[in-house]
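Please look over the model below before reading on. My notes come as numbered points and can be checked against it one at a time.

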Amino acid sequence: MEKHWWHGVTMYQIYPRSFQDSNGDGIGDIPGIISRLDYLQELGIGGIWLSPVYASPMVDNGYDISDYEAIAPEYGTMADMERLIAEADKRGIKIVMDLVVNHTSDEHAWFVESRSSKDSEKRDFYIWRDEATDIRSGFTGDFPGSAWQLDETTGQYYLHIFAPKQPDLNWANEKVRKAVYDMMNFWVDKGIGGFRMDVISLIGKDIDQLITDDGPMLHPYLKEMNAAALAGHDLLAVGETWSATPERAKMYSAPASKELSMVFQFEHITAMWENGNKWLGNHFDVAKFKTIMAKWQTELGLEDGWNSLFWDNHDLPRVVSAFGNDKDYRVESATALAIALHGLRGTPYIYQGEEIGMTNFDFQSEAQIDDVEEKAHIQNVLREGGSVEDALADIRTVGRDNARTPMQWDTTENSGFTNGKSWLAVNPNYKEINAAARGPIFEIYQQLIALRKAEDWVKFGEFELLDSPENVFAYLRSSENRHYLIVANLSDQVNHFSSEWAEVKAIIGDAPINLKDLTLTPWQAFIVEVS
Ligand code: GLC
Ligand code: CA
C-alpha cells in the first residue's frame, strides 16, 4: 500500500469566524489564526482544515462564496493567507482549504451574469428551468423547502439545494468544471496541503431524474477533477459524503479510483438521529456506534481506501454535550470519547475546542443565534404550529451554533477571543473551560496525536471488535505480532470487562494492572499494549 503524510497526522478544523479575533471587530480572522499556531503545534496536529475564508456575503458564514480567489475582508487579505500557509508550514502544519463547489453565492460574478438574461454567456453555469419540479432543498433536514427559486428577471427558476442565496452550479457544463479546476490550481500553487470538499456527493446530480445525491456523473467528475487539479501533488482530498457506505467509500477513496484520499462518512452521526432527522432527537446509542465503527474498520480494508474519524465539526453539536455528559463527567466523557475514536484506523479530525471539552451553549432567545439553518428551523416549527421555545429547545440540542461559539482561550473577558464585541456570545463557562490551563483533556488529545504519529499500529494495524457489555467499546489493534487493547466505558454507569490478554505496558489513560474482571468507572478509558 502506498503511504501518504495524511495517514499519520491528526487534522484540526478551524472555523475562522470563531477562532481568534486580532483587531477587535468581534470576528475571528487570519492574523488571529497565525497568532495561535504555536498552540496548535503544541497540540501536535499535522494539518488544518480551514472552513471558508473566501469573499462571501456570509449568509451561510462563508459556505456561500462570491469570489474563490479573494479573501473575505473581515478575515484579512491574500497576503495574510499566504503568511498563514508559510507560518503553518514552518510548524509542520499543512493548510487544507474548504472547497465549496456544489454552489456559489448568488453574488458571485458568474451568477450575476447568469441571471441577467437567458442568453448571457454564463446562463448555463447554473441550473435553470421553466418550472419547479419536485426537488426539495434541505439535504440533511437543513434548509427545508422547495429547491427552486423563481427569478423575476427572466421568469425562470434556478436550483438551490441549500439557501436561496446559494445557487447550485451546473456541473454538466464543461466550462464550469474547467473554471473550478483552474481555481483549485490557483490554490495548489500557493502551497496548500489539500481540500475538504463540501457536499461533494451532490455534484453529479441528474435534475431531470430528480437525483441530487450520489448522481450518475459524480465519479466521472471526481476522476476528471483529480487528473486536472490533484494528481502529481501529495494532497489530502477529503469529501463530505453524508450518504457514504463502505462500498461507496471505496469508489471515492481506493487509490486505484484516482478520486479522493478519504471520505467523511456520517453513519455514526446520523444513526443517532430520530428517524434520520436531527431535529427530532439525537441520542447516543453505544451499541449502534460500536456496530457502525466495527463495520467501517473491517469493510473498508487497508487496500480499499481510507476513512476519516471525527466526532465534531461546525455543523454538529459539541460531542461532550451530545454524546458525553457535560454535567457530571465532562472531563471523563470527553477523554473517553477521544480515546474510543482515536484508537481506530483513519485520519482523525478535531474540531476547535473539542480538545478542551467545550460544551453546547444554553441558547435562550432568537437574538442569541445566528445560523441560517437554525433560523429556517424556527420558521418551520412555527409553520407547524410549534413555538419559538420549542425550536430553541431543538437548537440547544443539535443547532449548529453550538459549535460556532468562540474558542475559549483564557479567563479574561470574552475568553481572549476578542477585545471587542463578539459576533456570537462566548459560552459563560469559559472561566472553567479554556485553553490557557490546557488540562487533562488537552493532554490526552496530545498523547493520542503523538501516538498516531509515532506508531504504525495505530495508522495501519488490524482491527478486531471484542465482546464487551453494551456500553463498553473494546477493540484490539494488531500489527506484526504486537497487540494493543483499547477499552472505553461510554456511559455514566459502572461496567465490567474482562480480558484474557495480559498487560505489557500502559500507553494512554487510566490503565489497570490486571485486565481480568475489571470494574470500569463511568467513562473510564485506556489503551494498553497486551500479550
Ligand atoms: C456543508 C457545510 C455546511 C453548509 C453546507 C452548504 O454541509 O458543512 O456548513 O451549510 O454544506 O454549503
Ligand atoms: Ca477580526
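1. Basis of the note. This is a predicted model, in which local features need pLDDT of at least 70 and side-chain atom pairs count only at pLDDT 80 or more, while totals for chains, interfaces and linings use all residues. Residues are numbered from 1 along each chain as its sequence is written, chains are lettered from A and ligands numbered from 1 in the order in which they are written, and side-chain values use heavy atoms, with hydrogens and water left out.

2. The calcium ion. Which residues coordinate the calcium ion (ligand 2)? They are Asp21 (OD), Asn23 (OD1), Asp25 (OD), Ile27 (O) and Asp29 (OD), at 2.2 to 2.4 Å. Donors here are N, O and S atoms within 2.8 Å of the metal, or 3.2 Å for Na, K and Ca; water is not among the atoms, so the site may look incomplete. Along the chain, the donors of the calcium ion (ligand 2) are spaced as D-x1-N-x1-D-x1-I-x1-D.

3. Is asparagine 23 buried or exposed? Buried means under 20% relative accessible area, exposed over 50%, and partly exposed in between (1.4 Å probe, protein chains only). Asparagine 23 counts as exposed because its relative accessibility is 51%. Aspartate 21, at 7% relative accessibility, counts as buried.

4. A residue is near a molecule if one of its heavy atoms lies within 4 Å of it. There are 13 residues around ligand 1, and Asp60, Asp198, Glu240, His314 and Asp315 come nearest. By class, this shell has seven charged, four nonpolar and two polar residues. In that count Ala, Val, Leu, Ile, Met, Phe, Trp, Tyr, Cys and Pro are nonpolar, Asp, Glu, Lys and Arg are charged, and the others, Gly among them, are polar.

5. Polar contacts of ligand 1. A polar contact is a pair of N or O atoms within 3.5 Å; within protein, one must be able to donate a hydrogen and the other to accept it, and residues adjacent in sequence count only if both atoms are side-chain atoms. Aspartate 315 has a polar side-chain atom 2.5 Å from an oxygen atom of ligand 1. For glutamate 240 the distance from such an atom to an oxygen atom of ligand 1 is 2.9 Å, and for arginine 196 it is 3.1 Å. Ligand 1 taken alone exposes 310 Å², and the protein buries 98% of that. These areas come from the Shrake-Rupley method with a 1.4 Å probe; for residues, only the protein chains shown count as cover.

6. Helix α11. Helices (H or I, at least four residues) and strands (E, at least two) are DSSP runs, numbered from the N terminus. Helix α11 covers residues 330-342, which is 13 residues, and reaches 18 Å from its first C-alpha to its last, close to the 18 Å expected at 1.5 Å a residue. The expected span is 1.5 Å times one less than the number of residues. How many of the residues of α11 are buried? The count is 11 of its 13, including Arg330, Ser333 and His342.

7. Positive phi angles. Asparagine 414 is not a glycine, yet has a positive phi of about 55°. It is in the loop between α14 (401-404) and α15 (439-454), and at 18% relative accessibility it counts as buried. Tryptophan 523, also a residue other than glycine, has a positive phi near 60°. Tryptophan 523 lies in the loop between β21 (518-520) and β22 (525-530), and is buried, with a relative accessible area of 5%.

8. Further buried positions. Valine 100 is in the loop between β5 (94-99) and α4 (109-116) and counts as buried because its relative accessibility is 0%. Leucine 309 belongs to strand β14 (residues 308-310) and is buried, with a relative accessible area of 1%. In the loop between β15 (347-351) and α12 (372-383) is phenylalanine 361, which counts as buried at 8% relative accessibility.
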